[in-house]
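Hi there,

Here is the structure I promised to pass on. Have a look at it first, and then read on for my notes.

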Amino acid sequence: MKTVIFDLSGPFAHFRKFYTNSSSLSYLIPPRTVLVGLIAAVLGKERDTYYEIFSEEKLKIGVRINQPVRRILQTLNYLKATTLNEWINPQMHTQIPFELLTADKGVSYRVYVAMPKMDELLEELSTRIREHRYYYTPYLGSASFQAHLQLVDIVNAQSFLSQDYFACVTPVRVDALKENGLKILSSYSLIREKMPVSFNEERVIQNVAAYLIEEKAQSLMVHTKIPAWRMHYQGLEENIMFL
């Protein structure tokens with residue numbers, strides 16, 4: 001399957017957890033819904049018009065952490081302003097914890113995108129990323145954090161169903177693992193995140209899934225009950241799972 005690979009990076013990122021209320025906590029990686037929105041922005045799709053076009057069946061997305069990310073918790077002042085006078089002379093405000101993602105050289109993710117039966121869109125996506133010619137500006141989860149995209153390669157990914165454990169560079173859905181399907185190494189720093197997978201036309205979360213993520217950007221040794229994908233590029237061999 002033809003797959004476009006690009007790096008997504010920037011000084012800071014914030015991917016708000018959908019179930020947080022009084023605090024703005026962040027996922028460690030961009031959820032599928034964030035990546036779909038980013039791809040739609042690059043291609044010029046209007047807000048809330050692309051959920052069917054980029055459904056789970058039509059758009060396959062994988063993501064890995066390129067380097068360890070650290071979390072910083074800041075406190076932001078939010079104002080309640082419903083009129084111009086309240087904006088100039090605010091009467092009500094509240095402080096909200098806000099979790100930032102950063103790293104010594106900035107946050108960086110490698111994204112894998114495949115669009116079965118949509119070769120023209122995939123070609124347009126790769127061209128726009130290569131030329132840095134985005135229809136709308138891409139962000140790392142928040143409009144405050146502009147993203148930089150760098151095309152890595154375009155490869156032909158091969159599907160395989162392993163009979164044993166294999167090294168997977170991306171997070172893995174918990175429901176894709178066989179019983180005892182994770183080989184836990186002493187060097188791992190694992191977290192389990194419940195993240196949105198898709199929206200419906202009313203922008204309501206339609207599907208969520210639990211993922212295992214290795215915080216130090218190490219590969220996971222897994223045994224899955226569904227096929228994974230293997231690709232070769234720039235002297236690398238990588239196995240990935242789509243979100």
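How much space lies in the largest pocket? About 850 Å³, going by this predicted model. The lining of the largest pocket is made up of 34 residues, and those closest to the pocket centre are Thr33, Val34, Gly37, Tyr50 and Arg203. Two elements, α1 (32–43) and β11 (190–199), each give two or more residues to that lining. The largest share comes from α1, which supplies eight residues. Sorted by class, the lining has 20 nonpolar, eight polar and six charged residues.

Then there is the second largest pocket, with a volume of about 290 Å³. Here 16 residues form the lining, and Lys60, Ile226, Trp229, Phe242 and Leu243 are the closest to the centre. What does this lining look like by class? It divides into eleven nonpolar and five charged residues, with no polar ones.

Is Met241 buried or exposed? Its relative accessible area is 4%, which is under the 20% cut-off, so Met241 counts as buried. Leaving aside neighbours within four places in sequence, Met241 is in contact with Gly62, with Cys168, Thr170, Pro171, Val172 and Ala176, and with Thr224, Ile226, Pro227 and Ala228.

Why does Thr102 count as buried? Because its relative accessibility is 5%, and buried means under 20%. Not counting residues up to four places away in sequence, Thr102 touches Pro11 and Phe12, along with Val69, Arg70, Ile72 and Val107. With Pro11 there is a polar contact as well: a polar atom of the Thr102 side chain lies 3.0 Å from the backbone oxygen of Pro11.

That is what I have for now. Do write back once you have had a look!

Best wishes

Methods:
Residues numbered from 1 in each chain as written. Predicted model: local features only at pLDDT ≥ 70, side-chain atom pairs only at ≥ 80, totals over all residues. Heavy atoms only, no water. Buried < 20%, exposed > 50% of the residue type's maximum accessible area, 1.4 Å probe, protein only. Contact = heavy atoms within 4.5 Å. Polar contact = N/O pair within 3.5 Å; in protein donor to acceptor, adjacent residues only side chain to side chain. 1 Å grid on protein atoms, 1.4 Å probe; cavity = no way out; pocket = protein on both sides within 12 Å on 5 of 7 lines; lining within 4 Å. Points joined across faces, edges and corners; volume = space filled by probe spheres on them. Helix = DSSP H or I, 4+ residues; strand = E, 2+ residues; numbered from the N terminus. Nonpolar A, V, L, I, M, F, W, Y, C, P; charged D, E, K, R; others polar.
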